[in-house]
Every structure is written in C-alpha cells, then in structure tokens.
Amino acid sequence: MTSALDITQAVKPPRAVFVNFPLGHQTGPPDNPELQRKIVIDAMRAFETITSPGTIVELPYVWDAKDRSWEERDYTKGWMPKRPTREAADAIEAERIARFRRG
Amino acid sequence: MPVAYIPRTRDLYSDFKPYRWVENDGVPPFVALSKPIAECKVALTSSGGVMYRDQPRFHHEDASYRRIPKNAARSDLSVWHFGYPTADAQRDPNCVFPLERMRELESSKVIGELADPAFSFMGGIYSARKVREELAPQIVDELKRAHADVLYLVPA
C-alpha cells in the first residue's frame, strides 16, 4: 500500500497498490469507513490480480476533487506541524501510559 | 499528480547531506498466491508508529516494533511518528493501520483469516541497513510463526 509513488518505484516491492492521498492516509481519510473499506478490499484483490513482479496498481480515488493544492504544499518547508518540545512530548507520553494503567 | 517525495525530502532537509534512498535494481522477488485470498491468512503491518495501550512510544532511529492484538479496540491505539502529520491517524488509526477494516474483511470472508497479532513500527528510520538487518528479519520470523500466507504492509 503506498501514497509515495516515486519511493515505491525506487524500492520495487513485489507488488503494490498506489492511492494518491496525502501521507498519513494510505488507507483512507479519518472516520470514512466506506472509503477505507474500498481501498483495503482493492488491495486484497490486487494480491490475486497482480501476476507480474513489481506491478503497481493505481486506485481511482481522489482526495479532494475541488482542491488539489495539497499536492503542491505537502512535504515542503513549513508544512509539517511543529514538533512538541522534549518536555511536552514526555508529558504526553506519561499521561498516555498512566491513562491505560489506570484501566 | 503524485507528489515527488524524493526531491522534496532533499529540499526539506537541505541543511543535511542528501539522503540516499534505497534503490533496488532488477526484477523484485515475487511469489504468486497459491490459493484465493479468501483462503489466506493475512498479516497486517504498518510503519505508521502505532502503539497498543501502555506500550512505550517510539524514538528517533527506533527500529523496534509493537505487537498489536487483532481484537484491539480503536481506543486502545495511539500513534507516534515524526515524519508525517499524525493528527488524523491519532483520531482514526485506520488511516494508516486499517485493523477494523481487516476484521470486517475477515468477517465477510473477503480474506480467510486476519493473523494475530498485527505489527507496527515507526518508519522514520534513517538507516536502511538497520531496517534490513534488524527489523525486517524479526517481522519475518513473526510472520512465519503465525503461519501467515500474505503480508499487507502499509507504510506511512
């Protein structure tokens, strides 16, 4: 499963399914189980239909037909959300662990 | 148009030595399915940085992996990754780790069985050698132990 076509073409896995979505959404947008299900079913079908090594099947789904500006913007300078400081990240981690250990 | 990630990564990290992406030449190894996918045991693995309950989070250059029970609830999962914006995946891990969808495909018999557990690691590992020599062989051992027929790998 890939959304980074050029990297997948360089790595050459045995077989792949490409969907042109922003990174972090390789199996679909959040809270959209219908589209997620379509993508995953297409990927399972591709295990049967791909018979030639290195084939990359492109899925027909479009992230946002009205606005393709993410294709210009993603993975350029200033695009990634700012990382939390070390202290903030440690606090988030401690809270997460405590939440699950409380049950 | 698909985003050209290799040149954009070079620009994004222009203060550093250009990253040498893995480039494999020739025909990749390929094993055709010996039976329909509806009879296969399928293992799910995501490099999206998914953790189950109080499993420790990932760190930079962390080539460890987490075992995620196949029946994990969505609220049992968290995500940590520095290489992509994780807000959507934190809200709905199925964006990069479609565990709920795979369980549905098992119930509806699109696949034979979903292997237990599923696996996740944090794909932002600079060293391809570390992935090839340390991480990948451990996942392969896990898949063999689980008698998985197919690996569905979701990078993120």
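Let me begin with a term: a residue is called buried if 20 or more other C-beta atoms lie within 10 Å of its own. By that count, in this predicted model, 33% of the 156 residues of chain B are buried.

Staying with chain B as a whole, you can find four helices and seven strands in it, and if you follow the chain from the N terminus, these elements come in the order α-β-β-β-β-α-α-β-β-α-β. The C-alpha atoms of chain B fill a box of roughly 50 × 40 × 35 Å along the principal axes. The radius of gyration of chain B is 17 Å, which agrees with a compact globule, because a globule of 156 residues would have a value near 15 Å. Among contacts in chain B between residues at least 6 apart in sequence, 75% join residues that are at least 24 apart.

Now please look at helix 4 of chain B, residues 128-145, whose 18 residues reach 25 Å from the first C-alpha to the last, close to the 26 Å expected at 1.5 Å a residue. This helix bends by about 35 degrees at Ala136(B), with a proline, Pro137(B), following within four residues, and just after the helix His147(B) takes a positive phi of about 55 degrees.

Finally, where do the two chains meet? The contact takes 46 residues from chain A and 50 residues from chain B. On the side of chain A that touches chain B, helix 1 (5-11), helix 2 (33-49) and helix 4 (86-102) of chain A each supply at least two residues, and the largest share, nine residues, comes from helix 2 of chain A. That side of chain A divides into 23 nonpolar, 11 polar and 12 charged residues.

Key: Residues are numbered from 1 along each chain as its sequence is written. Chains are lettered from A and ligands numbered from 1 in the order in which they are written. This is a predicted model: local features need pLDDT of at least 70, side-chain atom pairs count only at pLDDT 80 or more; totals for chains, interfaces and linings use all residues. Two residues are in contact if their C-beta atoms, placed from the backbone, lie within 7 Å. Ala, Val, Leu, Ile, Met, Phe, Trp, Tyr, Cys and Pro count as nonpolar, Asp, Glu, Lys and Arg as charged, and the others, Gly among them, as polar. The expected span of a helix is 1.5 Å times one less than its number of residues. The bend at a residue is the angle between axes fitted to the seven residues ending there and the seven starting there. The radius of gyration is taken over C-alpha atoms; the globule rule is 2.2 Å times the number of residues to the power 0.38. A residue is buried if 20 or more other C-beta atoms lie within 10 Å of its own, exposed if 12 or fewer, and partly exposed in between; C-beta atoms are placed from the backbone.
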